[in-house]
Amino acid sequence: MRVLISGASIAGPVLAYWLDRYGFDVTVVERAPTLRKTGGHAVDLFRPAMEISEQMGVLPQIEARATGTSRLSIYRAGAQRPIRVDLTKIYGAASDRHVEIMRDDLSEIYYNAADVEYLFGDSITAVSPDGEVAFEQAASRRFDVVIGADGLHSNVRRLVFGDGAGLTRYLGGYLAVASAPKSLAPDGEMIGHVEIGRMAGIYSARHLDDARVLFMFHSPELTYHHRDVQRQKELVRDAFAGMNPRVDGWLDQLEGTPAFYFDSITQLQIDSWSRGRVSLVGDAGYCPGPAVGGSTSLAVIGAYVLAGELAQAQGDHERAFAAYERRMREPVRRSRAFARGAAKTVVPDSRAALWLVTRGAQLVSALPTPVSRAVAKLNTKGVRLHDSIPVPDYGAGVWQH
């Protein structure tokens with residue numbers, strides 16, 4: 001059975017690995033000319049995604065590429081001293097198994113896990129109901145199943161589901177990431193400046209040659225084209241001008257940064273991810289919101305479930321897609337609800353919220369780890385949400401509990 005996957009970031013390579021393991025004939029098409037290995041930001045893998053990665057045999061590589069950021073210093077306007085936070089205790093409260101890793105490192109690790117066909121520098125232009133797929137560069141080919149794993153701005157979703165399927169909910173903020181000299185980031189520590197409605201931080205990782213500057217800010221929806229990088233940089237400069245001399249120095253890096261990312265913190269609202277021979281996985285189908293909804297772990301779990309259901313249904317895509325949607329519906333609903341709350345607290349929008357977030361982080365990091373973890377486990381809809389997503393067993397040797 002021939003399966004085409006569009007997108008080689010996270011969900012696409014994970015899906016390709018499991019489908020290849022189950023005996024499917026897999027091709028992955030990626031618009032970028034090569035695997036992206038620069039830029040990007042740190043993402044989190046929680047227990048279910050860690051266990052899936054362990055089954056894939058790539059957990060040692062993932063742990064070796066962990067950022068190693070264990071401390072956070074939060075500077076507030078007018079405060080004499082920063083608030084010091086022990087991130088290992090924050091992560092320990094949220095998850096029994098957790099790794100923070102650069103997104104592009106994770107993508108490369110998953111890419112190397114399976115020997116399948118990749119078509120770089122190409123994209124899908126049309127998908128017919130009988131599975132005939134047209135490409136920008138390559139000759140048309142027929143596939144039994146086509147999967148969109150191509151992110152929030154999914155090309156596959158637009159082609160097959162129509163523009164109306166791109167229904168989104170803006171969560172009130174924007175996220176930008178830029179590269180900066182590594183010397184600006186202390187080893188193992190993130191430096192953050194927080195004010196009402198905006199937050200800027202810098203961090204690096206042991207194996208990186210640079211540092212990454214993270215900008216997040218609240219705003220009414222802004223007007224820009226998603227490929228107009230200069231306009232996006234202007235928006236970041238306007239949002240953070242005059243915040244702090246150190247932040248001004250980070251803004252100076254925008255002009256010459258070799259890598260830059262900018263997007264709204266937006267939640268995809270569609271509730272059905274399949275049509276005919278086509279289905280969607282990860283952010284292409286159910287992005288809960290960049291940086292606030294655990295979308296990376298959700299993408300890994302969704303890819304694993306979709307592959308498992310296709311294998312269990314012996315390639316009957318209608319039955320497999322229906323089972324996949326049933327399995328993922330509740331985790332997606334809960335992740336969306338969590339993201340809506342997180343979007344309001346990650347970048348505080350009032351003086352009271354700023355105080356609660358900073359002091360709350362300080363309190364958790366001051367508690368003994370067993371105490372903070374025990375308290376957190378009482379709330380599987382909050383910080384323990386991403387650890388509590390169930391992962392099905394698709395057979396001996398695939399998943400062992």
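**Strand pairing, a helix crossing and a buried aspartate**

D105 is found in helix 5, which comprises residues 103-113. In this predicted model, D105 has a relative accessible area of 8% and, because this value falls under 20%, is classed as buried. When the neighbours of D105 within four places in sequence are left aside, the residues in contact with this aspartate are R65 and H207.

Strand 4, spanning residues 71-76, pairs with strand 5, spanning residues 83-86, in the antiparallel sense, and 4 bridges link the two. The two strands form a hairpin in which 6 residues lie between strand 4 and strand 5, and within the turn G78 adopts a positive phi of about 85 degrees. Strand 4 is also joined to strand 13, made up of residues 189-195, by 6 bridges, and here the two strands run parallel. The residue S73 illustrates both pairings: its bridge partner in strand 5 is R84, whereas its bridge partner in strand 13 is I191.

A further set of pairings involves strand 12, which covers residues 168-181 and is mostly covered, with 11 of its 14 residues buried. Strand 12 pairs in the antiparallel sense with strand 16 (residues 260-268) over 8 bridges, and A176 has F262 as its bridge partner in strand 16. Strand 12 likewise runs antiparallel to strand 15 (residues 210-218), to which it is joined by 9 bridges; in this pairing the bridge partner of S179 in strand 15 is R212.

Helix packing was then considered. In general, two packed helices are described by the angle between their axes together with the distance between those axes. For helix 2 (residues 47-55) and helix 10 (residues 295-312), the axes come within 8 Å and cross at roughly 50 degrees. Angles under 35 degrees count as roughly parallel and those from 65 to 115 as roughly perpendicular, and helix 2 and helix 10 are therefore oblique to each other. The crossing in which helix 2 passes helix 10 is left-handed. On the side of helix 2, the residues that take part in the contact are P48, A49 and I52, and these meet S297, V300, I301 and Y304 of helix 10. By class, this contact between helix 2 and helix 10 has 6 nonpolar residues and 1 polar residue, with no charged residues.

Notes:
Residues are numbered from 1 along each chain as its sequence is written. This is a predicted model: local features need pLDDT of at least 70, side-chain atom pairs count only at pLDDT 80 or more; totals for chains, interfaces and linings use all residues. Side-chain values use heavy atoms; hydrogens and water are left out. Two strands pair if DSSP finds at least two bridges between them. Axes are lines fitted to C-alpha atoms, for helices over the stretch in contact, and angles run from 0 to 180 degrees between N-to-C directions. Angles under 35 degrees count as roughly parallel, over 145 as roughly antiparallel, 65 to 115 as roughly perpendicular and the rest as oblique. A crossing is left-handed if the near helix is turned anticlockwise from the far one by less than a right angle, and right-handed if clockwise. Contact means heavy atoms within 4.5 Å. Ala, Val, Leu, Ile, Met, Phe, Trp, Tyr, Cys and Pro count as nonpolar, Asp, Glu, Lys and Arg as charged, and the others, Gly among them, as polar. Buried means under 20% relative accessible area, exposed over 50%, partly exposed in between (1.4 Å probe, protein chains only).
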